Amino acid sequence: MRQILILIFLVVAVVVAEKFVIRTHEDAIEAHEACREEFNVPDEIFEQYLNYVFPEHRRTKCYMKCFVEKMGLFTVLNGFNEKNFIAQFTYKESKNLASVRHGLEKCLDNNEWESDNCTWVERVFSCWLKINRPVVRKIYGPKN
Ligand SMILES: *[C@@H]1O[C@H](CO)[C@@H](O)[C@H](O)[C@H]1NC(C)=O
């Protein structure tokens, strides 16, 4: 009996741990700060990252990976999570759905080429951002 209870507890814990939580503006800022610290990004580059512009820089690809991991959009094990993208970027404005989906359909890949993880994230997320930058700025912006 006790083993069964422990098992149930573990299953519930795993399910709860996997449930995606919508990130706020504060979460986005926290993720940016943490990734900035990890990758020691110069200020003028960081300012652009904060605005969801990711210029070429030796830190940019891995910074992007750091950021999307912290925002619950990507894991190295499972890649990009489409459901989480849709939940995060449409929860306030369902009209975003079309562009969020369009970006996913156009840009997502399963890294068949086995590029390193940072390159993979940069390739997919830059492509998706091109279509969804205004959405991202709004959802991760100060009023959300
Ligand atoms: C991505 O990261 C994971 C975990 O660190 C690693 O096991 C895997 O080999 C990496 N993938 C590539 C293609 O480098």
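Predicted model: local features only at pLDDT ≥ 70, side-chain atom pairs only at ≥ 80, totals over all residues.
**Entry 1: V121**

I began with V121, which touches K61, M64, K65, V68 and F74 once residues up to four places away in sequence are left out. Residues are numbered from 1 along each chain as its sequence is written.

I located V121 in helix α7. Helices here are DSSP runs (H or I, at least four residues), strands are DSSP runs too (E, at least two), and both are numbered from the N terminus.

**Entry 2: the chain as a whole**

I counted 7 helices and 2 strands in the protein chain. Their order along the sequence is α-α-α-α-β-β-α-α-α. Of the 144 residues, 24% count as buried. I looked at contacts between residues at least 6 apart in sequence, and 63% of them join residues at least 24 apart.

**Entry 3: the nonpolar core**

I looked up the largest nonpolar core, which has 25 residues. Such a core is a set of buried Ala, Val, Leu, Ile, Met, Phe, Trp, Tyr and Cys residues joined through C-beta atoms within 7 Å. Y63, M64, F67, V68, V121, V124 and F125 have the most contacts inside this core. The elements giving two or more residues to this core are α2, α3, α4 (60–70), α5 (82–90) and α7. Helix α7 supplies the largest share, 8 residues. In soluble globular proteins, nonpolar side chains tend to be buried together. I also checked F125, which is in contact with M64 and V68 when its neighbours within four places in sequence are set aside.

**Entry 4: helix α7**

I listed the buried residues of α7 as W120, V121, E122, V124, F125, W128, N132, V135, V136 and I139. These buried residues pack against α4, β1 (74–75), β2 (79–80), α5 and α6.

I next asked how far apart the end C-alpha atoms of α7 are. They are only 25 Å apart in this helix of 23 residues, short of the 33 Å that a straight helix would reach at 1.5 Å a residue. That expected span is 1.5 Å times one less than the number of residues. I found a kink of about 85 degrees at N132, shortly before the proline P134. The bend at a residue is the angle between axes fitted to the seven residues ending there and the seven starting there.

**Entry 5: two asparagines in loops**

Most residues other than glycine have a negative phi. I noted N40 with a positive phi, near 55 degrees. N40 is found in the loop between α2 (25–39) and α3 (43–50). N40 is exposed, because it has 8 other C-beta atoms within 10 Å.

I noted N111 as well, a non-glycine residue with a positive phi of about 55 degrees. N111 is in the loop between α6 (97–107) and α7 (117–139). N111 counts as partly exposed, because it has 16 C-beta neighbours inside 10 Å.

I placed L108 in the loop between α6 and α7. L108 touches F80 and V124, not counting residues up to four places away in sequence. L108 and F80 are 28 residues apart in sequence and 7.5 Å apart in space, C-alpha to C-alpha. L108 is partly exposed, since 14 other C-beta atoms lie within 10 Å.

I placed P142 in the segment after α7. P142 is exposed, with 9 other C-beta atoms within 10 Å.

**Entry 6: the ligand**

I asked which residues surround the ligand. They are V76, E114, D116 and N117, where a residue is near a molecule if its C-beta atom, placed from the backbone, lies within 6 Å of it. This shell divides into 1 nonpolar, 1 polar and 2 charged residues. Ala, Val, Leu, Ile, Met, Phe, Trp, Tyr, Cys and Pro count as nonpolar, Asp, Glu, Lys and Arg as charged, and the others, Gly among them, as polar.

How values were computed: Buried ≥ 20, exposed ≤ 12 C-beta atoms within 10 Å, placed from the backbone. Contact = placed C-beta atoms within 7 Å.
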